[in-house]
Amino acid sequence: MKNKWKMGFLILAGLNLLIAIIILTLVSAPINEKKIETTEISKGDYVSFHLTSNKYDLNRVINHYLKEEASDSPIDYKVLLGDEVELYGTLPFFSEKLNLKLNFVPSAQKNGDLILKQKSMSVGKLHLPISYVLNFISENYKLPKGVEIIPNRHLVYIHMQQLKLKSDLKIKVDKFNLKKDDIAFTILVPVK
């Protein structure tokens, strides 16, 4: 009788160990990295207008745009601009929903695109690898066209000219300093 219980315990412990090893292997597996491709717009087809903004107004525009672009996504998320870019959302975990918060440091690129470099992350009380969470977000959240997540480099690349805007407008970021509330854009209006 003792041998049956002992054998059953060893089999159960072995199964638990096997499941833990499989989960750790999947979580720590490398993610395929994409190469960032930039696009250039012919300046002869557009007239440019320069404008400045502030965090409050930009928060309203970003979240309105996200609501329209991701309205059919089963997962809600929003972006808040403070001294950094903060993304809030929920992450499904078995039958529960965990609160997700990602902090990014923004930087404007010479070509008018915007890079958000991952600074910190919290997922409930779990400490998951940043690249795993970014990969999960890119695969499960509906992101607007032009937003590319690169998990291995811990960044989000926003191709500003690929964002779908009304009247075929294009946007280039000139300055994006949130601490000084110094935000400047070039709006490109089509003339052809």
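Me: Which residue forms a salt bridge with Asp 182?
Reply: This is a predicted model: local features need pLDDT of at least 70, side-chain atom pairs count only at pLDDT 80 or more, and totals for chains, interfaces and linings use all residues. Residues are numbered from 1 along each chain as its sequence is written, and side-chain values use heavy atoms, leaving out hydrogens and water. A salt bridge puts a side-chain nitrogen of Lys or Arg within 4 Å of a carboxyl oxygen of Asp or Glu. The closest N and O atoms here are 3.8 Å apart, and the partner of Asp 182 is Lys 175.

Me: Is Asp 182 buried, partly exposed or exposed?
Reply: Buried means under 20% relative accessible area and exposed over 50%, with partly exposed in between (1.4 Å probe, protein chains only). Asp 182 has 29%, so the residue is partly exposed.

Me: How many salt bridges are there by this rule?
Reply: Side chains of opposite charge can pair when their charged atoms come close. One of the bridges joins Lys 119 and Glu 84 at 2.4 Å, N to O. The count comes to 3.

Me: How many residues apart in sequence are the parts that Lys 55 and Asp 83 tie together?
Reply: Their side chains meet in a salt bridge at 3.7 Å, N to O. Helices (H or I, at least four residues) and strands (E, at least two) are DSSP runs, numbered from the N terminus. Lys 55 lies in helix α2 and Asp 83 in the loop between β2 and β3, so the separation in sequence is 28 residues.

Me: Which residue's backbone oxygen does the side chain of Lys 55 reach?
Reply: Lys 55 counts as buried, at 17% relative accessibility. Its contacts (heavy atoms within 4.5 Å), leaving aside neighbours within four places in sequence, include Gly 82 and Asp 181. At 3.0 Å, the side chain of Lys 55 reaches the backbone oxygen of Leu 178.

Me: How far apart in space are Gly 82 and Leu 178, C-alpha to C-alpha?
Reply: Gly 82 sits in the loop between β2 (77-81) and β3 (85-93). In sequence, Gly 82 and Leu 178 are 96 residues apart. In space, their C-alpha atoms are separated by 6.6 Å.

Me: Which strands stand at the edges of the open sheet of 3 strands?
Reply: Strands pair if DSSP finds at least two bridges between them. The order is β1-β9-β8, with antiparallel pairing.

Me: Over how many bridges do β8 and β9 pair?
Reply: Lys 170 stands opposite Leu 188 in β9. Strand β9 covers residues 182-190, and its pairing with β8 is antiparallel. The number of bridges is 7.

Notes. A polar contact is a pair of N or O atoms within 3.5 Å; within protein, one must be able to donate a hydrogen and the other to accept it, and residues adjacent in sequence count only if both atoms are side-chain atoms.
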